[in-house]
Amino acid sequence: MLEGLEISEISNLELERTTRLDSEFYKRENLITLDLLKRHEILNLTQIVEVSDGNHNAISEKFQESGVPYYRGQDVSSFFVENADPICIDVETFHLPVMKRSHLKKGDVLLSIVGTIGKLSLVYSDEKATCSCKLAILRPFNVSAEFLAVFLESKYGQNQIKKFTRGAVQMGLILEDANQIFVPTLSNSFQQKIETLVKSAHTAQE
């Protein structure tokens, strides 16, 4: 009678921290991804990156055609965020104390957490830049930025991101779920190969 149906059986001891019971969360694809990741040593995002988001203040009246890039959700469609054509703000607004938390650094990974969830870009320039709260800022401290960006862009990263997307009218990924997204601890030589390939791609593009 159950032919063609997908069934997952989960112990109540294995429920996600908010005790989600929705069937989509425990679909077979999600369980396979988690099982594959657990074959390696894994760390959650908060163990390898600082997690925050961009500016929450209304500054649309400061938007202008040139100046300091102000990245929004629609600007993370390319792997290197500098390929985007963002709106800008003036330097004075950029240096306001309330904007400091959203200042970007080279190596930051920008992840769309509202709207088109899961899109990401790597910050690859030391130039001044900032972003809106529709983007999570992942600042690596215990992993290669290039490797992290490539992993999150892969099907294993995207599966986890989509898994933790929640909401009704407006879907979103909340920052407190970052500690439930896992990244495999692969060898330094493998990470360096990924880093070299990303750098080569950037050089070729330039």
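This is a predicted model: local features need pLDDT of at least 70, side-chain atom pairs count only at pLDDT 80 or more; totals for chains, interfaces and linings use all residues.

Reader: Are R101 and D53 buried, partly exposed or exposed, and how do you know that?

Author: Buried means under 20% relative accessible area and exposed means over 50%, with partly exposed in between. D53 has 8%, so D53 is buried. R101 has 43%, which means R101 is partly exposed.

Reader: How many salt bridges does a search of the whole structure find?

Author: Five. Among them is the bridge between D108 and R139, whose closest N and O atoms are 2.7 Å apart. D108 lies in the loop between α2 and β5, and R139 in strand β8 (residues 135-140), so this pair ties together parts 31 residues apart in sequence. D108 has a relative accessibility of 1%, so D108 counts as buried.

Reader: What makes D177 and R166 a salt bridge too?

Author: Their closest N and O atoms are 3.0 Å apart, and the limit is 4 Å, so the contact qualifies. D177 and R166 are eleven residues apart, and each is in the loop between α4 (155-163) and β9 (182-184). D177 has a relative accessible area of 0%, so D177 is buried. R166 has 23%, which falls between 20% and 50%, so R166 is partly exposed.

Reader: On to the rings. Why is the pair of F80 and Y124 called tilted?

Author: Two rings pair if their centres lie within 6.5 Å; planes under 30 degrees apart count as stacked, over 60 as edge-to-face and the rest as tilted. The centres of the F80 and Y124 rings are 5.2 Å apart and the planes are at 50°, so the pair is tilted. This pair links distant parts of the chain, 44 residues apart: F80 is in the loop between β3 (68-71) and β4 (87-89), and Y124 in the loop between β6 (120-122) and β7 (130-131).

Reader: How do you know whether F80 and Y124 are buried or exposed?

Author: F80 has a relative accessible area of 5%, so F80 is buried. Y124 has 13%, so Y124 counts as buried as well. F80 and Y124 also form one aromatic cluster with F79.

Reader: How many aromatic pairs are found in the whole structure?

Author: Four. One of them is F63 with Y70, which is tilted, at 5.4 Å centre to centre and 45° between the planes. Y70 is buried at 4%, whereas F63 is partly exposed at 27%.

Reader: What makes helix α3 mostly covered?

Author: In α3 (residues 145-153), seven of the nine residues are buried. The buried ones are A145, E146, F147, L148, A149, F151 and L152.

Reader: Which residues form a negative surface patch, and why is E206 called exposed?

Author: The patch is formed by E82, D126, E127 and E206. E206 lies in the segment after α5 (188-205). The relative accessible area of E206 is 69%, and exposed means over 50%, so E206 is exposed.

Reader: And what does the whole chain look like, from the N terminus on?

Author: The chain has five helices and nine strands, running α-β-β-β-β-α-β-β-β-β-α-α-β-α. Buried residues make up 43% of the 206 residues. One of the buried residues is I48, at 3% relative accessibility, in the loop between β1 (42-44) and β2. I48 and L138 are 90 residues apart in sequence, and their C-alpha atoms are 9.2 Å apart in space.

Terms used: Residues are numbered from 1 along each chain as its sequence is written. Side-chain values use heavy atoms; hydrogens and water are left out. Patches are made of residues with over 30% relative accessible area and no salt bridge: like charges are joined within 9 Å, nonpolar side chains (Val, Leu, Ile, Met, Phe, Trp, Tyr) within 5 Å. Accessible areas come from the Shrake-Rupley method with a 1.4 Å probe; for residues, only the protein chains shown count as cover. A salt bridge is a side-chain nitrogen of Lys or Arg within 4 Å of a carboxyl oxygen of Asp or Glu. Lys and Arg count as positive and Asp and Glu as negative; His and the chain ends are not counted. The place of a charge is taken as NZ of Lys, CZ of Arg, CG of Asp or CD of Glu. Helices (H or I, at least four residues) and strands (E, at least two) are DSSP runs, numbered from the N terminus. Buried means under 20% relative accessible area, exposed over 50%, partly exposed in between (1.4 Å probe, protein chains only). Rings of Phe, Tyr and Trp (its six-membered ring) pair if their centres lie within 6.5 Å; planes under 30 degrees apart count as stacked, over 60 as edge-to-face and the rest as tilted.
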